[in-house]
Amino acid sequence: MKMTQITITACAALLASGVALAEPKEFKKADANADGMIDAAEYANSGAEKPMAELDKDKNGSLSQKEYDALLEEECD
Ligand SMILES: [Ca+2]
Ligand SMILES: [Ca+2]
């Protein structure tokens with residue numbers, strides 16, 4: 001088995017024991033209208049399972065790329 005496969009398998013096991021199996025989309029794919037922000041509707045379709053409010057650090061009701069990227073970084077810790 002290749003190293004990348006081992007890593008992915010370990011990651012999947014971690015996710016299975018924790019919260020999500022779904023992998024959130026990358027920012028540009030989640031941002032359906034390409035306005036540079038993820039709004040609530042886009043977030044609902046992003047595949048993320050974390051409550052949006054936890055990522056919305058400035059509480060403006062949408063996620064900047066920086067706010068959204070925190071989700072991707074936490075995904076497989
Ligand atoms: Ca958007
Ligand atoms: Ca925000």
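Guide: Helices here are DSSP runs of H or I with at least four residues, strands are runs of E with at least two, and both are numbered from the N terminus. The model is predicted, so local features need pLDDT of at least 70 and side-chain atom pairs count only at pLDDT 80 or more, while totals for chains, interfaces and linings use all residues. Residues are numbered from 1 along each chain as its sequence is written, and chains are lettered from A and ligands numbered from 1 in the order in which they are written.

Visitor: What order do the elements of the chain run in?

Guide: From the N terminus on, they go α-α-α-α-α.

Visitor: How many percent of the residues count as buried?

Guide: Of the 77 residues, 16%. Buried means 20 or more other C-beta atoms within 10 Å of a residue's own; exposed means 12 or fewer; partly exposed is in between, with C-beta atoms placed from the backbone.

Visitor: Which residues make up the largest nonpolar core?

Guide: There are 9: Phe 27, Ala 30, Ile 38, Tyr 43, Ala 48, Met 52, Leu 63, Tyr 68 and Leu 71. Helices α2 and α5 (65-74) each supply at least two residues of this core. A nonpolar core is a set of buried Ala, Val, Leu, Ile, Met, Phe, Trp, Tyr and Cys residues joined through C-beta atoms within 7 Å.

Visitor: Take Phe 27. Where is it found?

Guide: In helix α2, residues 27-30.

Visitor: Why does Phe 27 count as buried?

Guide: Because 21 other C-beta atoms lie within 10 Å of Phe 27.

Visitor: And what does Phe 27 touch?

Guide: Gln 65, Tyr 68 and Asp 69, leaving aside residues up to four places away in sequence. Touching means that the two C-beta atoms, placed from the backbone, lie within 7 Å. Glu 67 is 40 residues from Phe 27 in sequence, and their C-alpha atoms are 10.0 Å apart.

Visitor: What about Ala 48, which residues does it touch?

Guide: Pro 24, Tyr 43 and Leu 71, again not counting residues up to four places away in sequence.

Visitor: New topic. What is phi like in Ala 34?

Guide: Positive, near 55°, and Ala 34 is not a glycine. Most residues other than glycine have a negative phi. Ala 34 sits in the loop between α2 and α3 (40-44).

Visitor: Is Ala 34 buried or exposed?

Guide: Exposed, because Ala 34 has 7 other C-beta atoms within 10 Å.

Visitor: And where does Lys 59 lie?

Guide: In the loop between α4 (52-55) and α5. Lys 59 has a positive phi of about 55°. Lys 59 counts as exposed, with 6 C-beta neighbours inside 10 Å.
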